[in-house]
Amino acid sequence: MSMLKAIIAEDEHLLRAALSQLLRDTWPSLQLVAECEDGASALEAIAEHRPDVAFLDIRMPGLTGLEVATSAMELPAPPQIVFTTAYDQYAIDAFDRGAVDYLLKPITTERLAATMQRIQSRMGSGSVSPAQLHELLRQLGNTSHQRKTPALTWVTASVGRETRLIMVDDIAYFRADNKYTVAMTADGEALLRTPIRELLGMLDNQVFKQIHRSTIVNVRAIAAVIRDDGGKGILRLKTRTETLTVSQPFMTIFRNM
C-alpha cells in the first residue's frame, strides 16, 4: 500500500504532540502533513493537502471536530475520519458501526493499532457521508455544542485611548490582528485584547460563523454572497463597504443561501 497522508487537529498542544509521536511510533509509514490547533485550520489543511485520514478532536474552539468532518465530506476526495475525545459518552454505537472511528483519550498504542487496521481495510471503499455525520450529530444530541457559559452579548474594546462597550450584535465581523482581534462595526474598528481563537468559543455559533482562519462574520450583517469560479466566496456587508473573502472549505456554510 502506498504511503497515506494524515492531519491531526487537537487544540491542546501536549495532546497534539503526544498523538503525533504515537502515530510516528505505531504507524511509521503514515505521513503527517499538518498538525492543527483548531477546527478552522484543520478544515483548510484538509482542503489544501487532501489527506487520506483526519484525526479530529471533537471539542475544539470555533468549529468542532464534528463540524470539520461534515464540511470535509463535501470536498473532493474526503478523508477517512477518526475522532479523538476524552468524553466516553461519545463512544456510542454510531462509531462502532464503522462509518467513522474514534480514539478515547488517553490514547493507547493497542487502540491506535486497531484503528490503523480499520482505516486500511476501509481504504478504497469510500468515506462516511455527510448524511451519516448529520445522523451522528443527531444521536449525540448536539452535546458537543453545549456551552458552559452564555454567549457574549457585549465586549470591551479599545478605540484610541478610549475603552468602549460594544454590543456584539453591532459587530459586522472580527478579524485576527496578531495575538489580538479587531471588531469591525458601522462606526469603525476597535481592538480586543482577546485572540480570535479564544473569542470563537465565546460567541453564539448560530450567528457568528468563521469564514477563514482569521475572520468571523456576523451572518446578520451579510447583504449578499457571491461565488467565484474557484470555489471561494465574496461577502458584501450591509454596514461596511469592504468585502470579505470566504475560504473555499467554508463555503458549505452558505450552500443553502
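This note goes through the structure point by point, from the whole chain down to single residues.

1. **Ground rules.** This is a predicted model: local features need pLDDT of at least 70, side-chain atom pairs count only at pLDDT 80 or more, and totals for chains, interfaces and linings use all residues. Residues are numbered from 1 along each chain as its sequence is written, and side-chain values use heavy atoms, with hydrogens and water left out.

2. **The chain as a whole.** There are 7 helices and 15 strands in the protein chain. Helices (H or I, at least four residues) and strands (E, at least two) are DSSP runs, numbered from the N terminus. Of the 257 residues, 46% are buried. Buried means under 20% relative accessible area, exposed means over 50%, and partly exposed lies in between (1.4 Å probe, protein chains only).

3. **Surface and contacts.** The accessible surface of the protein chain is about 12800 Å². Carbon and sulfur atoms hold 49% of that surface. Areas come from the Shrake-Rupley method with a 1.4 Å probe; for residues, only the protein chains shown count as cover. Now take the contacts with a separation of 6 or more: 56% of them join residues 24 or more positions apart. Contact means heavy atoms within 4.5 Å.

4. **The core.** In soluble globular proteins, nonpolar side chains tend to be buried together. Here the largest nonpolar core has 41 residues. Leu 56, Phe 83 and Leu 235 have the most contacts inside it. Helix α2 (residues 39-49) gives the most to this core, with 6 residues. A nonpolar core is a set of buried Ala, Val, Leu, Ile, Met, Phe, Trp, Tyr and Cys residues joined through side-chain atoms within 4.5 Å.

5. **Helix α1.** The expected span is 1.5 Å times one less than the number of residues. Arg 16, Leu 19, Ser 20, Leu 22, Leu 23 and Thr 26 are the buried residues of α1. They cover an arc of only 165 degrees around the axis, so they sit on the same side of α1. The arc is that of the directions from the helix axis to the C-beta atoms. His 13, Leu 14 and Asp 25 are exposed on the other side. Cover for the buried residues includes β1 (5-9), β2 (31-36), β3 (53-57), β4 (80-85) and α5 (109-122).

6. **Helix α5.** The 14 residues of α5 should also span 20 Å at 1.5 Å a residue, and its end C-alpha atoms are 20 Å apart, which agrees. Leu 112, Thr 115, Met 116, Ile 119 and Arg 122 are buried. Seen down the axis, these buried residues fall within an arc of 135 degrees, so they line one face of α5. An α-helix has 3.6 residues a turn, so residues three or four places apart point the same way. Glu 110, Gln 117 and Ser 121 are exposed on the other side of α5. The buried residues of α5 pack against α1, β3, β4 and β5.

7. **Thr 181.** Thr 181 lies in strand β9 (residues 180-185). Is Thr 181 buried or exposed? Thr 181 is buried, because its relative accessible area is 0%. A polar atom of its side chain lies 3.0 Å from the backbone nitrogen of Ile 196. Leaving aside neighbours within four places in sequence, the contacts of Thr 181 include Phe 174, Leu 192 and Leu 199.

8. **Ala 34.** Ala 34 is in strand β2 and is buried, with a relative accessible area of 13%. Not counting residues up to four places away in sequence, Ala 34 touches Ala 6, Ile 7, Ile 8, Ala 45 and His 49. Its C-alpha atom is 8.7 Å from that of Ile 46, 12 residues away along the chain.

9. **Backbone points to check.** Most residues other than glycine have a negative phi, and most peptide bonds are trans. Ala 77 has a positive phi, near 50 degrees. Ala 77 lies in the loop between α3 (65-72) and β4 and is exposed, at 58% relative accessible area. Asn 178 has a positive phi of about 55 degrees. Asn 178 is in the loop between β8 (171-177) and β9 and is exposed, at 76%. A cis peptide bond joins Lys 105 and Pro 106, with omega about -5 degrees. Pro 106 is in the loop between β5 (101-104) and α5.

Key: Polar contact = N/O pair within 3.5 Å; in protein donor to acceptor, adjacent residues only side chain to side chain.
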